[in-house]
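Hi,

Here is the structure I promised to pass on. Have a look at it first, and then read my notes below.

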Amino acid sequence: MARRSVAGPLIAGASVVVAALIAVMVWHALDLVDSGLAGRVERQEAAMHGLERDLVALRSRVDALEEENRRLATRVQLLESAGGASAPVAESRLEPGVVETEPIGEGEIVDVLEPRRPAFNKQLTRARQSYLRVVLGEPRTDYGDDCRPPSNERLLGLLETREIGPIRVTMIRPALDSLARVLDRLRRDEPEIYAALGTAGALCARRVRGANSISTHSWGVAVDLTLAGKLDPYGDDGSQFGLLVLAEFFNDEGWYWGAGYAREDAMHFEVSEEKLREWAEQNLL
């Protein structure tokens, strides 16, 4: 009887110990499971962050390729509109099948091509002198064949001299702001042409040479541009390639290209009457 009375508590105690051990083992197992899950979650989060970085890099690459493709398409279109050959291309050494444009050489920039005039100055017209006099006044009381400063106080109050990229010009302020947008786009999209850009003048109150009319330069709304220090030949119905590119940018900004004159003047760009009316409505004049 005594032995049986001792065995009962011992069995009960052993059961408690076993239960405790089982509880510890279960807790430890659950802790290991939790630790394993936490590790897996951390690894998955790290992998997701890595994929996100890769996605950002791929998007940046796609954007760069789309921009290069746009530049190539624009150059081909311009050359085709001038009756020229396709732009030179080269296979990329980075990725097979990717085509990139070769940098434009100085010779190509100043190559003279014949532009197809209907492709440019669409829905843009030259500003009539009668309208220029209404919105800006008469630049001065007398003119010659040489450049003279304007004397009209109203016009003088709008004029400003500014360095815009590689050139320094004097024009009315809205025209300078607009020109800055054109050249900023040129700098981004066609850096070789941008680097070759120069000017043959902007503000110049004078008569049109060989005529009695007043040059639009007299109002500070026109600029003549050079490429690699070379003037585009006047009146030959041709245009330097770089000016063909610029014509698209200027047209998009609302400027009229001088290649559309009865006697071609491809280096000349002036603010269209449509753009001047827009500025007048905005009280910029």
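**Salt bridges and the sheet**

Being 4 residues apart in helix 5, Asp 184 and Arg 188 are separated by about one helical turn. (Helices here are DSSP runs of H or I with at least four residues, strands are E runs of at least two, and both are numbered from the N terminus.) The side chains of Asp 184 and Arg 188 meet in a salt bridge, 2.7 Å from N to O; the term stands for a side-chain nitrogen of Lys or Arg within 4 Å of a carboxyl oxygen of Asp or Glu.

Before I go on: this is a predicted model, where local features need pLDDT of at least 70 and side-chain atom pairs count only at pLDDT 80 or more, while totals for chains, interfaces and linings use all residues. Residues are numbered from 1 along each chain as its sequence is written, and side-chain values use heavy atoms, with hydrogens and water left out.

Asp 184 also has a salt bridge to Arg 187, with the closest N and O atoms 2.5 Å apart. Those two sit 3 residues apart in helix 5. Asp 184 is partly exposed at 32% relative accessibility, and Arg 187 is partly exposed too, at 40% (buried is under 20% relative accessible area, exposed over 50%, partly exposed in between, using a 1.4 Å probe and protein chains only).

There are 17 salt bridges in the structure. One of them joins Arg 128 and Glu 273, at 2.6 Å from N to O. That pair links distant parts of the chain, 145 residues apart: Arg 128 is in the loop between strand 3 and helix 3, and Glu 273 is in helix 8. Glu 273 is buried at 7%, whereas Arg 128 is partly exposed at 45%.

Four strands form an open antiparallel sheet in the order 6-7-10-9 (two strands pair if DSSP finds at least two bridges between them). Strands 6 and 9 stand at the edges with a single partner strand each, so one side of each has no neighbour in the sheet. Strand 7 pairs with strand 6 over 4 bridges and with strand 10 over 3 bridges. In these pairings, Leu 225 is the bridge partner of Thr 199, and Asp 224 stands opposite His 268.

What about the cover on strand 7: how many of its residues are buried? The count is 6 of 6, with Ala 222, Asp 224 and Thr 226 on one side and Val 223, Leu 225 and Leu 227 on the other.
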